[in-house]
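Here is a short tour of a protein model, for you to follow with the structure open beside the text. We begin where two chains meet and then move to the chains themselves.

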Amino acid sequence: MIQVNDIGKSYGKVEALKGISFSVDKGEIFGIIGPDGAGKTTAFRILTTLLLADKGEAFVDKLDVKRDFKKIRKMIGYMPGHFSLYPDLSVEENLELFASVFGTTIQQNYHLIEDLYRHIEPFKTRRAEKLSGGMKQKLALCCALIHAPKVLFLDEPTTGVDPTSRKEFWQMLKKLKAQGITILVSTPYMDEATLCDRIALIKDGRFLSVQTPQETVNRFNENLYETSSTDMFRLLTDLRKNSEVKDCYTFGASHHLLLKNDSSLEALKKKMLALGHQDIVIRPTEVTIEDCFMKLTKE
Amino acid sequence: MNQFLAFIKKEFFHIYRDKRAILILLVMPIAQILLFGFAISTDVKNIKTAILAPKHTEMMERLAEEIDQNPRFDFVGFLQIENEIDNYLRTNKADVTITFPANFENEVYSGLDNRVCISVNATDPNTASIESNYIAQELYNILSEKTMKGIEPQVSPINVHLMYNPQMKSSFNFVPGIMGLIMILICAMMTSVSIVREKESGTLEVLLVSPMKPFSIMIAKMVPYFGLACINLVSIMILAYYVLDVPLTGSLFWIIAISLLYIILALSLGLLISTLAETQIAAMLISAIVLMMPIILLSGMIFPSESMPPILEYISKIIPTRWYISAMRKLMIQGVSIQYALKEVYILLGMTAFIIAITIKKFKIRLE
């Protein structure tokens, strides 16, 4: 459904995309995972015909993003990373506007947005600016869906949204996938990666890997440890100084630890106790997408 | 077509819900017309006038009375000796003094030397020249009435006849200028700001990824401003005619036709600005510096372009408003037929075509 071959794009001297390639099948949820400034938005804008790439070619449903931009604009739904509905129009007016702009009506495609719209319908006369973050994103998705697009482009749809709404949002994406809609989604949240069919990890305009989330985790292929003590910051610096430690980085409330040689685990623990760390815990933990990302960035 | 209408409806909501926009679009034009018509005028009123007459005759008394009754003048008193003239003018007790020669009464009707001397405080040269004109005119009028039939008073050998605007009302001059300014403000500035706002907020990004043609998005954004400009055109003309007594002597059809042409020109300027500016601030600055300032200073709205230094006069020729104002003055105040304003019409037409051509060339169908 989407075919990207070696797309590159520079803004002046800054190279935002350094040649990325991937393809997305019909009815797939494809996630582009990476930190801010990695080039996610640029990639989305090129695929949605809003920007021209400096090099490479891209196709959406076999249509060239440069030459056939008019046809592509009719059949895709796009939700930019920032809130981009009209704040001074009400929920209903926004939805009606986007329906008319695409030459359709709310009634015609109501079945597509029904589940989503039910949540926001009680506020349909409220102005969009007065909605909560989650509500705004639901409305934006409704507006992007109202013309029954074949492909959905969602640029960081869950940024700034509370965990419950995020979960609901992803459930909604699963339902849309079931209806045969292809979804390209980007997110800075690594935990959302597992909800995609396949993911591309992106950093500094380059793809680090393109695989299913499971394959990405399997490829990690090392023992990962979780560690904590009473003085977390000193623990981090002390561990990093240690010659046995391959890598150590903060991860939520604990640190994640990679060793050069697993057998030295007990010795390491003792060394840390000798340095005056109290309540020190070092135990194996499960590899997450974020760990893969950290490892791939360092390679 | 449905897309188009839905879009126009949305644009009306934006304007209607933005109190600031309403204020600028509908209230400001009316306020400006009234301000320039009444408060800010170059008309001079209450000119403090003193008379130095060697003989305090009945004629002088009546002259003073006549002057005092005219709302333009305040009679402040008779002077006794010439030194007092300087004293009165210096202390601002008087703006103007009139000195009559000793034998004025006998000589005024006989054509002998009877020079009346008018002294004016010329600290502000514009006001001074207006004041001296008024006084000369007034003396001529008063003395004519007093004259016996068939004998012309000989106060001034040059008889000035003020055509089209005999009372020299400045509002006559300002109305076309304000119309020229308001249209640019509404059509060029407000339109460009509203288009750039969509760029800035990212809504344009979503709109571009839709079947709607980028150019029709822009046209739809202009329609409400075109409507508002027309409303303003009508309200300004009604105010000008009924409140400011601007004669509107020329063909109403052509006044409106040329105004519509000018509105279209201003709209295409707005569109051009919006393709160049990336932020609302930039659009506002371009409108203010590249459009407003030259219009106010160089279009002939306040300062006549004929009396500018050659370079500025040359620059003023590329300001559309200059030609619009010139055409409007001819049609509204002079009341001449359209033939005499054809040059302006052709220039405006040419400028419109030129701006539209550049805009189409610069127009972007993508984000950059």
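## Where the chains meet

Arg17(B) forms a salt bridge with Glu93(A), and their closest N and O atoms are 2.9 Å apart. The model is a predicted one, so please read every distance here as computed from its atoms. Across the interface of chain B and chain A there are 2 salt bridges, along with 14 residue pairs in polar contact, both residues of each pair being at pLDDT 80 or more.

Which elements of chain B give two or more residues to the side that touches chain A? They are α1 (2-17), α7 (170-201) and α8 (203-208) of chain B. Of these, α1(B) gives the most, with 8 residues. Sorted by class, this side of chain B has 12 nonpolar, 6 polar and 7 charged residues.

## Area and contributors

The size of an interface is often given as the accessible area lost when the parts come together. Here, chain B and chain A bury about 2,600 Å² between them, with 63% of it on carbon and sulfur atoms. Arg17(B), Val209(B) and Arg366(B) supply 27% of the area that chain B buries against chain A, more than any other three residues. In residues, the contact takes 25 from chain B and 33 from chain A.

## A buried asparagine in chain B

Let us turn to Asn232(B), which sits in helix α9 (residues 214-242) of chain B. Is Asn232(B) buried or exposed? Its relative accessible area is 1%, under the 20% cut-off, so Asn232(B) counts as buried.

A polar atom of the Asn232(B) side chain lies 2.8 Å from the backbone oxygen of Leu25(B). Leaving aside residues up to four places away in sequence, Asn232(B) touches Leu25(B), Leu26(B), Pro29(B) and Ile186(B).

## Chain A as a whole

Chain A has 10 helices and 14 strands, and its C-alpha trace spans about 70 × 45 × 35 Å along its principal axes. Of its 299 residues, 54% count as buried. The accessible surface of chain A comes to about 13,500 Å², and 50% of that belongs to carbon and sulfur atoms.

Among contacts in chain A between residues at least 6 apart in sequence, 69% join residues at least 24 apart. For a pair separated along the chain, take Glu114(A) and Cys142(A): they are 28 residues apart in sequence, with their C-alpha atoms 8.9 Å apart in space. Glu114(A) lies in helix α4 (residues 110-120) of chain A and is partly exposed, with a relative accessible area of 36%.

## Salt bridges within the chains

Over all chains, the count comes to 33 salt bridges. One of them joins the side chains of Arg67(A) and Asp64(A), at 3.9 Å from N to O. Arg67(A) is exposed at 62% relative accessibility, whereas Asp64(A) is buried at 12%. In chain B, Glu11(B) and Lys10(B) meet in a salt bridge of 3.0 Å, N to O, and both of these residues are buried.

Back in chain A, Asp238(A) and Arg234(A) form a salt bridge at 3.7 Å, N to O. Asp238(A) is buried, with a relative accessible area of 10%, while Arg234(A) is partly exposed at 31%. Salt bridges that share partners join Asp231(A), Arg234(A), Asp238(A) and Lys241(A) into one network.

How values were computed: Residues are numbered from 1 along each chain as its sequence is written. Chains are lettered from A and ligands numbered from 1 in the order in which they are written. Side-chain values use heavy atoms; hydrogens and water are left out. Helices (H or I, at least four residues) and strands (E, at least two) are DSSP runs, numbered from the N terminus. Buried means under 20% relative accessible area, exposed over 50%, partly exposed in between (1.4 Å probe, protein chains only). A polar contact is a pair of N or O atoms within 3.5 Å; within protein, one must be able to donate a hydrogen and the other to accept it, and residues adjacent in sequence count only if both atoms are side-chain atoms. Contact means heavy atoms within 4.5 Å. Buried area is the accessible area (1.4 Å probe) that two parts lose on being put together, summed over both. A salt bridge is a side-chain nitrogen of Lys or Arg within 4 Å of a carboxyl oxygen of Asp or Glu. Ala, Val, Leu, Ile, Met, Phe, Trp, Tyr, Cys and Pro count as nonpolar, Asp, Glu, Lys and Arg as charged, and the others, Gly among them, as polar. Accessible areas come from the Shrake-Rupley method with a 1.4 Å probe; for residues, only the protein chains shown count as cover.
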